[in-house]
Amino acid sequence: MPPGSTDERWRHGLLLLSTAAGIRAFCIGLTGVLLGLYLARQDFTAGQVGLVIGSGLAGNALATAWLAWVAPGFDRRATLLVCTALSALGLIGVAHVSAPLALAVVAFVGLVNGMGRDRGPAQVIEQSLLSDRLPVSDGARVMARYTASQDVCAGLGSLAAGLPDLLPGDPSETSRLLFAAAGLCSLLPFAIYTWLVPAASGRESIQTQVGTMDPATRRRVRGLTGLFALDSLGGGFLAGSILSYWFFKRFGLSGEVVGPLFLVARGLNALSYFAAAALARRLGLVRTMVFTHLPSSAFLLVLPWAPSAAVAMLLFLAREALVQMDVPARQAFVALVTRPGERVYAFGATGLARNIGWAVGPGLAGWSAQALGLGAPLVIGAGLKMVYDLLLYRSFVRGPAAPGSTRRLEE
């Protein structure tokens, strides 16, 4: 934020930050649906689809690793601008490269996100900016607004992924044009970041943060990092591109059906965040995370046995109505277990763990689909997520006190 700015200006800045996140989410939502359909039309095997999606997510993981661990200090504005530029080049590259291995390289360097959800290094920085400004008591509500704006925009991007099936011409060629247009669109946040984020903001040593962190807080962050890695590994089996590929191969659904389906799903995600904020006030953050996440995985577990496309879509939407309710609670919980000076490290470490899991998952999903059947990734991903929920509940319900407080994390 520019020097001399006031709290009122920051509130306006929050709207701008959400706008930048929304533009990025639109492009990611489009990619999460369109990439799977595009690769299916190019006759990529399930293994090749997993390789391309996993490579893009591996690039995001490496960028998050640099942010959290490698750099001795970093400039938040510069990092946001570099990530934005790479993402734009990656989408433009997808439009011009067709060989599986070359496309995997482009996806890696260009941070191409086939998850369909924004979970990359830019989001880590934005979360740290938000958390440093917010009281913990207000964290879940504001994070809900921030994340809801992303999912609404991601839903619109998912809807736009249906254009190649609605417009005249070859859907593959139209898809390439759409990827290129998304690349140009993703450059729009440049102006917002330049105005909103001070040039020298965030020049802090992550290693210094780790060294000065309270040992109990460090243990909590490491415990959460391991749990989030397990959850994201399950999520990697369920990337948006993997699901759109599954709907295409299982029921022959094209973008004109899958795009609107994902739009409705993202709308349900966005509505669920506000319900999650209300639940968190009544049940606590961890209980909200677990009690909503477990049923969503159960819906997904039975999805491969859906007898028709209509039943499969209903199960998918039931899952989407619940699956993201843990997100604002999780973000607020990470802020709760850390102090302001420790949160870049905490969000960076947990974000890195999630990105690594997402990067590994699609490749394993592609292998399991070929070796065990098309529905295997859905069953495995749901099972991993259910194990995560049970371990999270066991580890943190009635856990230790929050930093600087005598109040327990979950009463």
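These are my notebook entries on a few things I looked up in this structure.

**Entry 1: the overall picture**

I began by noting that this is a predicted model. I then looked up the secondary structure and found that the protein chain has 18 helices and zero strands. How many of its residues count as buried? Of the 411 residues in the protein chain, 59% do. I also checked how far apart in sequence the contacting residues lie. Taking contacts between residues at least 6 apart, I found that 86% join residues at least 24 apart.

**Entry 2**

Next I turned to helix packing. Two packed helices are described by the angle between their axes and the distance between the axes, so I noted both values for each pair.

My opening pair was helix H3 (residues 76-94) with helix H9 (residues 189-196), which pack at an angle of about 175 degrees with their axes 10 Å apart. Angles over 145 degrees count as roughly antiparallel, and H3 is therefore roughly antiparallel to H9. Which residues make the contact? On the H3 side I listed Arg77, Leu80, Leu81, Thr84 and Ala85, and on the H9 side Phe190, Tyr193 and Thr194. Sorted by class, the residues of this contact are five nonpolar, two polar and one charged.

**Entry 3: H14 and H16**

I moved on to helix H14 (residues 285-302) and helix H16 (residues 326-336), whose axes come within 9 Å and cross at roughly 150 degrees. That angle makes H14 and H16 roughly antiparallel to each other. I looked up the handedness too, and H14 passes H16 in a left-handed crossing.

For the contact itself, I wrote down Leu285, Val286, Thr288, Met289, Thr292 and His293 from H14, which meet Asp326, Ala329, Arg330, Ala332, Phe333 and Leu336 from H16. By class, the contact of H14 with H16 has seven nonpolar, three polar and two charged residues.

**Entry 4: aromatic rings**

I picked out Phe247 and Phe316, an edge-to-face pair with 5.7 Å centre to centre and 80 degrees between the planes. Where do these two residues sit in the chain? Phe247 belongs to helix H12 (residues 240-251) and Phe316 to helix H15 (residues 309-323), so the pair links distant parts of the chain, 69 residues apart.

Conventions. Residues are numbered from 1 along each chain as its sequence is written. This is a predicted model: local features need pLDDT of at least 70, side-chain atom pairs count only at pLDDT 80 or more; totals for chains, interfaces and linings use all residues. Side-chain values use heavy atoms; hydrogens and water are left out. Axes are lines fitted to C-alpha atoms, for helices over the stretch in contact, and angles run from 0 to 180 degrees between N-to-C directions. Helices (H or I, at least four residues) and strands (E, at least two) are DSSP runs, numbered from the N terminus. Angles under 35 degrees count as roughly parallel, over 145 as roughly antiparallel, 65 to 115 as roughly perpendicular and the rest as oblique. A crossing is left-handed if the near helix is turned anticlockwise from the far one by less than a right angle, and right-handed if clockwise. Contact means heavy atoms within 4.5 Å. Ala, Val, Leu, Ile, Met, Phe, Trp, Tyr, Cys and Pro count as nonpolar, Asp, Glu, Lys and Arg as charged, and the others, Gly among them, as polar. Rings of Phe, Tyr and Trp (its six-membered ring) pair if their centres lie within 6.5 Å; planes under 30 degrees apart count as stacked, over 60 as edge-to-face and the rest as tilted. Buried means under 20% relative accessible area, exposed over 50%, partly exposed in between (1.4 Å probe, protein chains only).
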